[in-house]
Amino acid sequence: MFNSLVKGSIILAMVFGVALTAAFIYAYEEISLDADKLINYKPETSSIIYDRHGEKLAYVFKKQHRLYARYDEIPGFLVEGLVAMEDTQFFEHNGVNPDAILRAIVKDIQAGAFVEGGSTLTQQLIKNKILSNEKKLARKIKEAILALKIEHELSKEDIIERYLNEISYGNNYFGVKTAANGYFHKEMNELTLKEAAILVGLPNAPSFYNPLKHYKRALDRANNVLYRMKSIGWITQSDYLKAVKESPKVYRTSLTQNIAPGIVDEVLRRFKGKLGDIRTGGYQIYTTVDMKQQAIAIEAVDFAYNKALKKYKEKAETSTLNTAFVAVESKTGDILAMVGGADYEKSAYNRVTQSKRQPGSAFKPFIYQTALDMGYNPASPLTDLARTFQYYYKGKPKIWAPKNYERDFKGFIAFREALVHSRNLATINLVADLGVSTIRKRLAFLDVPHIPRDMSIALGNLGLSPLKMAQIFSVFANEGHMIAPRLVSKIISKEGAVIYETRPKEIEGFTTPEQAYLMTDVLKDVVKRGTGRNARVEGIELAGKTGTTNNNIDAWFCGYSPTIETIVWFGRDDNKRIGRGATGGALAAPAFAFYYKRLLELYPETKRTFDIPEGVFRGEYEGKAELYTENSPLPDSHKKPIQNYNEYDQLLEEEMEITEDIDPEDGEIGFAPTINIDEEPISEEEIVEEEEDPLHPKRKVPLTPVSNDSGTLF
C-alpha cells in the first residue's frame, strides 16, 4: 500500500513536472512577441529642428518627448549611480536575482502584502515597456521569464541603454538625454556628478522628486544616490563632498512653444509623408534660417504692419490686413528669414509659401530685362502715350484704356526713367514692341506659372507666391542665374546617416552677368529716387522694385543687396482693397529698409556695394552718363523713336486676348483685370467664405496651423 502511494506520488510529480515544463516552454514562446519590443527596440523619438548655426528651433514629437542616447554617450558615473541604487548585482545575474527575490518574499510575508518586488533593472525595464505595475504573482512569473529571454538576447550595455531611454523623468521627459536637455540644458557629456545623481533619483517617483516643483527634495534624493555610490567605493570621499555641496541650476522649459513656429510648420508641411512620421523618427533637421535675421525680420514686419494699421486707423485684433516677408541668400538660395503673417497666433497660414497674389509693377523688371537682352539700353527712348484698345468679348466690343499712376503722359521717356517711376503706358508700349509671345517664352524659361497671353502681362497680371517671386527675382540678384530658395539643407537620421541633402533647382543663362547688372543699376535708381525711395538705407547699395495692383489690393517691394534678396508683401486675406495710397512704396518698402538697417547693425561686415562685371562700360548719351554693354549699346542719338502708331495698334490687337470687361474710368491706377488663381486644395473645414468679387476671386485661407506639434523652447 505504502509503495503504491510512493509510486503514485512520483508519477504525479513527474506528470506535474512535465506539465509545468510544457507550460513554461509554451509561455516562453508565447511571450517572444513581447520580448521583441525590447530586443528590436524602436521607441518614438523626437526630431530636432535647427537653424543654420546649429541653434535648436524646436523639438517635434507626438505623445512622448524622447531624445535617444546611445550607451557610449552616457557618463560612466550615471550608469554606476543607477546600478548602485537599483540593482547592485546587475552585471552578475542573468536577469533575475534570487537573493533579492528571497529578501522581498521575507518582507512581503512580514508585512502580509506585496511591499517589495525584488526586481532587477531588466525586470523594471520590462515592467515599464511591456507589463503593468500591478503586483500579482502571474505578472511576476511572466516578468521573470521575459527577463531571462531578454538577457539571453541582449548585452548588459544594451539593457542599460534601453532602460535609460525608456523610463520617464517627469515633465513629459522620456529618456535620460531628454531630461538632461530639459532640466539642465546640457548634453550628456556636460553633466556633473550631482546632476547625474538627480537624474538617477527621478524615475523612482518622477512627480515627488521633480526638481522644478520640489528642488530640495530632489537634492536630498541625489545626495542619497551619492552616499550609496561612496559607501560601495564607486566614488571617492572628495568627489562625494564636492558633489553634495553643488546646487545645480534647473530650467523651466515649456513644451507647448517653439521659437520659430512658422518655420517649424513649414518644415513639417514640406516633409509630411516623405520620411515616415517625422515627429517620431528622431531626425536632426538643419534649416537654412539664421535666427538672428529671423528676429529682425519679425521686427521689420511688426514695424511696417503697425505703421499701416495706424495709417488706416485699424486695430490688429480686427484688421484683415496681413503681410509676408522672406529673405534669401542670393548665391545659395538659402532662406535666411521667413515671416508668414502679421500674427502667428491669429493665423498660422504661411503667406510666403501658400498664398498666390498679383505682383503688379514688381513684375516689370522681367519685361525690361527682356528688352535689354534684345538690344535696348537704359537710355533708349520709350513711348509714354495713352492708348485705347478695342477688343471683343463674347461678341461684344470692349474698351481697355490703361493709365499711368500719375495720370499724365511724357510722350517719350528714357527706358531707365520709365522703370524708375514705374510708368504703365511706357511698359505697355514696350511689351507691344517686344511681343507678348517673346516675353512669355522668356518667363516660361524661369518656370513661371499661369503666364498671361495678353497685354495684361505688362502690369503683372498673374498669381505668384512671395517665395516664387524670390525665386524668379534671383536672376537680378544673382547675376542672371536663377536659384530656387531652400529651407532645409540636410536631414540626419537617428543612426547618424545623412539621408537628405538639398539640391536647389537652378536655371543658368536667363541673362549674362553684365546684362543683369544693367538692370541692377536701374533698380538702384528706383530705390535712390524712384517709387522705392522708402527702401533707402544709408551705407549700403540696394536695388528693387515696388508693386501695386489694381485698386490697391496688393502692395509689394522686391529688392536685394549685394548678398541678400528680400520680398515683402502687404494685402488683405479676403482680397479686398487695402485703402487709398496703399502702394508698395508706402507699405512694403519700410519693412525692407528696417530689415537692412538692423542687418548692418547685426553683421557690420555685410558686403555693401555691388560688383560691376567685366563687359559693363560707362558712356554718355545726350549729355548724361549711362552704362552700356556690347549687347546693349548706347542708342543712336540721331535715330528717331518709332512713331508709326498704326503699326503699334495693329500689333496690339493681334496680341490682345483680354478676358474681363474693365471700365476705362474704373480704378485709381488703371491696372489690368485680375485673373483667376489656381489654389492648392484645402480641406472644407479650413475654408473661409468670402464675399464674391469679380475681379478678385475667393481665396481659401486656413485659420489653423499646418500641424499642432509641440516643441521645446530654448
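A: Start with the largest nonpolar core, which has 85 residues. Val326, Phe366, Tyr368, Leu382 and Met469 touch the most other members. Helix α18 (residues 466–477) gives the largest share of this core, 8 residues. A nonpolar core here is a set of buried Ala, Val, Leu, Ile, Met, Phe, Trp, Tyr and Cys residues joined through side-chain atoms within 4.5 Å. Buried means under 20% relative accessible area, exposed over 50%, partly exposed in between (1.4 Å probe, protein chains only). Helices (H or I, at least four residues) and strands (E, at least two) are DSSP runs, numbered from the N terminus.

This is a predicted model: local features need pLDDT of at least 70, side-chain atom pairs count only at pLDDT 80 or more, and totals for chains, interfaces and linings use all residues. Residues are numbered from 1 along each chain as its sequence is written, and side-chain values use heavy atoms, with hydrogens and water left out.

Now Phe366. Not counting residues up to four places away in sequence, Phe366 touches Leu443, Leu446, Ile472, Phe473, Val475 and Phe476. Contact means heavy atoms within 4.5 Å. Another core, of 52 residues, lies apart from the largest one; Ala35, Ala84, Leu125 and Ile159 are among its members.

Next, Thr370. Helix α14 (residues 364–373) holds Thr370. Thr370 is buried, with a relative accessible area of 2%. Leu434, Thr438, Ile439 and Arg442 touch Thr370, again not counting residues up to four places away in sequence.
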